[in-house]
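Here are my notes for your first read-through. Keep the structure open beside them and find each place as you go.

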Amino acid sequence: MTSIFILCLKIFVGVALLALVVVLALLFDGADRIVHARMQRRVGPPLLQPVYDIVKLMGKENIVPRRASRFFFTLAPWLALVVTLMIFLYIPVGSRAVLGTEGDMILIVYLLAMGGVVMAVGGFAGGNPIANIGAGREVTLMMSYEFPLAMVISTMAWVAYRSGMPGPPFSLETFASVSVWKAVGEVGDVGLVCLFLSLVFIVPGEIGKGPMDIPEAKTEILDGLIIEYSGVNLALLKLTFALRSFAISTFVTSLFVPVSLAGLLGVGGFFVAVFDFLFFWVKVFIVQMIFVTLMRTSFGRLKIWQASQFYVMRVAGLSLTGMILLSLDIMAR
Amino acid sequence: MSTTYTIPVGPVHVGLKEPVTAWLELDGERIVSARVRPGAIHRGIEFMARERNPIQVIYLSERICGICSFSHVMCFIRAVEDLANLSVPVRAQYIRTLVLELERVHSHLLWAGVACYTIGFDSAFHLGMQLRERVMDVLELLSGNRVNYGVATFGGVRWDVTPQLDKAIREMIRYYRREFTPFREIVMEDPVAQARMRNVGVLTREDAVCYSATGPTARASGLRVDLRKSSPYEAYADIPVEPVVPQDYFDAARGDVLDRFAVRVLEVYQSLDILEKALDGLPEGPFVAEPNLNKVLVSLKKAEGTGWGIIEAPRGDDTHAVHLKGGDDNVFWWKVRAPTYANAVSWPVMFRGNELADAPLIINSIDPCISCMERMMVTGSSAGVVTKAELLKRCRQKTFDLKARGFERGVER
Amino acid sequence: MTEKTEKPRERRGMSLADRLSVSRFAKTTVDCGVLSDALRTRFGDGIVSLEVREHKGGRADEVQSRDLWVEVTPETFRPFVEELFAYDFVNFHVISGNDGGDDVALNYHFSLFQRERGGRIGVVCTVRVPKSDLSLPSIFDLLPGSEYSERETREMFGVDFAGLPNKALVFLPEDWNEEIKPWRRDAAGPAPELVRELS
């Protein structure tokens, strides 16, 4: 009886959360565009522009190219959207995730990667040589940043395990409830900063923006990956892009910024959940501004081999440094 | 096994501002060979000129290009003056030089912005566009237009330099000396911009010579070539100009896109110096030899012969050849060679060994001639949709404001 | 002068790289008068006419640069261009032209000596190609930069350039009827119904 009740509750909360997440992702995307414009001394679009875009695209004709593999071409945007939405079920908003006990960080990383792979498949399926180039770049980029990303996550889990943070080491809820910054010493903090910086560089690659908007580079390969998409399919992809930025921001927030407003204000009881729930989105907004908006305003676009080299050499080196520093810190205990 | 495939860049492409097609044969991302096919925007302007008289052709030549319109006008006028032996008052020569240099500043700024846009560095692009507004306002103050100024005519110019314009240009020079350096540093010292432009689209000194590259494209390859020095025309006879070449400022001339960027940026500073000298040395006197256009037309009707006008336009040397037939009202034949025409021959050489990602940047790096006349005004966040009539009204109002209330207000809106 | 007459024959066998070792901007700038005399001596009757034009400018109204307008016979054309290389690597600008009734007059625009202030000499080499034999040797092997101009002259006037490797259309549309030569004033030119009058 109770398990059925919990299941119903989870379904209800999950659906409500996903609806909220879609709205917030689009709003944050709009805010990102405004802040981006203001940093360039422009006025920028209205806050609701991404919503208008999606609504407009929903009413447009959905064209599938004659030479495309229709099944994969149409499946890709839907699958990408579903996979990206699923991420939010495993991310603790405040302190608890909807499916916190069913999945951990490894699953989140896999879901993120799968979103990328699915979009690359859609690009290949379109039959357009430019989309093929875009998809090829997406896969190359993914292979480059996955290694440093895996290193960051495994190091974090190892820290959680060795420093005795309560909860399963790979679960995000563990990091959301106890600050990892307090779990290690000064050397470890430097190591954590290294890992954090690695993530700052990995995020643009993961979401294809900023200096890493190589698969979609519009002045080179005309939005590459999504060049053949139109109508509903394109709307879904646009939504997926907004959600990916949002998802990775929530992921970074849960991992590195577990500041609790309720804790700071000393509020207890029922308010803890409410305050933390609201404050979580504020934190995500700040993280997204730094990781996405600031990065894409400050840099031009790299070439694919330069980006790949950057991840495999520099960022991997940075995360390795973080790993060694954290190991030293914990071993020295 | 290695297979190649062919991809067209253009004729309509986000990264290109004019319709031109480059068929690239790719091996992965690497360009194996390239074939450039222009012609998408051939308008037969030279053919049209055969049914127009020389004064009408001045305004036709102005419409060849929106950016270097004054260069084409000057080139055509100099060709006609060459064949008809018209003399130009000294003051007019100085005013022509002023407008030529103003145009160079605005062309180079536009190009620098577009180059940043091509590598995805949108912030620098917007900064460049904003810097460019100042010189556009000065040109508007001079002629009432942002492009296609209608300033030059046979034997002189049509607008004089007023004390107000003198002040505005001097203020503009100060503004650029202050504001332009940060822009240059933002782009040239940015690691990503360097990674994208260094050793990309290399045109060696030898190739630049063979393929008759001109202007900043040739100078970036290390050739000291500048018509303002080698055959001084107009007021350049009194104002010495040295070609800007990278080896004088950096260790060596590599002939890549970054060098082309540097040459153009440094030429902006050079243009500011020339502007200052031209303003200081502006002689008194008439600014046109014969203000009555009918008399000019009658004298041109008698003229017979072929004339050659060649000047250093912002993108390279611009060549016009004109033939007038005695007793005929119209231009008999006319040949225009824009600098891009010469530089485009080097494209296949520059593409060699580069990547697809570099292609639009390489095409843009010679600064292909662009007809760009967009103009947008935003007044507050709720501007709404502006009709053409309303836009025209506001354009005129802005020019009046510029002339009536001074320069600062027009810019700092 | 005997030495000069030998030079072109030597150069014909030289590769592009060899010719480039002679720097584009020859250190020694030759005066326009000297150049025109030398050319006259070298080609004699090959030169139909020769005119020096001066350009004045500046406050002092002094001569700032000179142009050399030369008309040569079609047979002299190629040796003439090769002769110019004896002085400096030629900078090519453009080919302009006109249908003169019985012939097509082509004007090649070149520049020499761009190193020194006011040293440049613009050379306009006019060749009248008779319509009975509309062909001219290509200078593409000497000056690759002339490719577009030669292709344009070919498609606009119908002049055939012997030795030009790529003879594809350059500015005219792919589906253009190549029988029509837009700049010709005779039957080969565009018929009136092909011309659209703009207001």
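**Notes on the three chains**

1. Start with a pair of helices in chain A. α5(A) passes α8(A) in a left-handed crossing. Bear in mind that this is a predicted model. Two packed helices are described by the angle between their axes and the distance between the axes. Here helix α5 covers residues 129–162 of chain A, and helix α8 covers residues 186–207 of chain A. The angle is about 145°, and the axes are 10 Å apart.

2. Which residues make this helix contact? From α5(A) come L141(A), Y145(A), P148(A), L149(A), V152(A) and T155(A). From α8(A) come L195(A), S198(A), L199(A), I202(A), G205(A) and E206(A). Sorted by class, the contact of α5(A) with α8(A) has eight nonpolar, three polar and one charged residues.

3. Stay in chain A and find M295(A). This residue lies in helix α12, residues 270–298 of chain A. Is M295(A) buried or partly exposed? M295(A) has 19 C-beta neighbours inside 10 Å, so it counts as partly exposed. A residue needs 20 or more to be buried. Leaving aside its neighbours within four places in sequence, M295(A) is in contact with P204(A), G210(A) and P211(A). Now look back to L195(A), one of the α8(A) residues in the helix contact. M295(A) and L195(A) are 100 residues apart in sequence. In space they are 17 Å apart, C-alpha to C-alpha.

4. Next, see where chain B meets chain A. The contact joins 27 residues of chain B to 25 residues of chain A. On the chain B side, the elements that give two or more residues are β1 (5–9), α4 (90–118), α5 (122–143) and α7 (191–197). That side of chain B has 14 nonpolar, eight polar and five charged residues.

5. Pick out W111(B). Its place is in helix α4 of chain B, an element that gives two or more residues to the side touching chain A. W111(B) counts as buried because it has 27 C-beta neighbours inside 10 Å.

6. How is chain B divided? Its domain assignment gives domain 1 (5–37), domain 2 (45–371) and domain 3 (375–413). The C-alpha centres of domain 2 and domain 3 of chain B lie 27 Å apart.

7. Chain B also has an open sheet to trace. Three strands form it in the order β1-β2-β3, and the pairing is antiparallel. The edge strands are β1 and β3 (30–37) of chain B, and each pairs on one side only. On average, neighbouring strands of this sheet are turned by 25° against each other, direction ignored. Strand β2 of chain B, residues 21–27, pairs with β3(B) over seven bridges. To check one, find A22(B): its bridge partner in β3(B) is V36(B).

8. Chain C has five helices and seven strands. From the N terminus on, its elements run α-α-α-β-β-α-β-β-β-β-α-β. Of the 199 residues in chain C, 39% are buried. Take the contacts in chain C between residues at least 6 apart in sequence: 56% of these join residues at least 24 apart.

9. Look closely at strand β4 of chain C, residues 103–112. Eight of its ten residues are buried, so the strand is largely enclosed by the rest of the structure. Strand β3(C), residues 91–99, runs antiparallel to β4(C) and is joined to it by eight bridges. β3(C) and β4(C) form a hairpin with three residues between them. In the turn, G101(C) has a positive phi of about 95°. Strand β5(C), residues 121–130, is also antiparallel to β4(C), with ten bridges. There, L112(C) has I121(C) as its bridge partner.

10. Finish where chain C touches chain B. Each chain gives 39 residues to this contact. Elements supplying at least two residues on the chain C side include β3, β4 and β5. The largest share, six residues, comes from β3(C). By class, the chain C side divides into 15 nonpolar, 16 polar and eight charged residues.

Note on methods:
Residues numbered from 1 in each chain as written. Chains lettered and ligands numbered in written order. Predicted model: local features only at pLDDT ≥ 70, side-chain atom pairs only at ≥ 80, totals over all residues. Contact = placed C-beta atoms within 7 Å. Helix = DSSP H or I, 4+ residues; strand = E, 2+ residues; numbered from the N terminus. Nonpolar A, V, L, I, M, F, W, Y, C, P; charged D, E, K, R; others polar. Domains from an automatic or database assignment. Axes fitted to C-alpha atoms, helices over the stretch in contact; angles between N-to-C directions. Left-handed = near helix turned anticlockwise from the far one by under 90°. Buried ≥ 20, exposed ≤ 12 C-beta atoms within 10 Å, placed from the backbone. Pairing = 2+ DSSP bridges.
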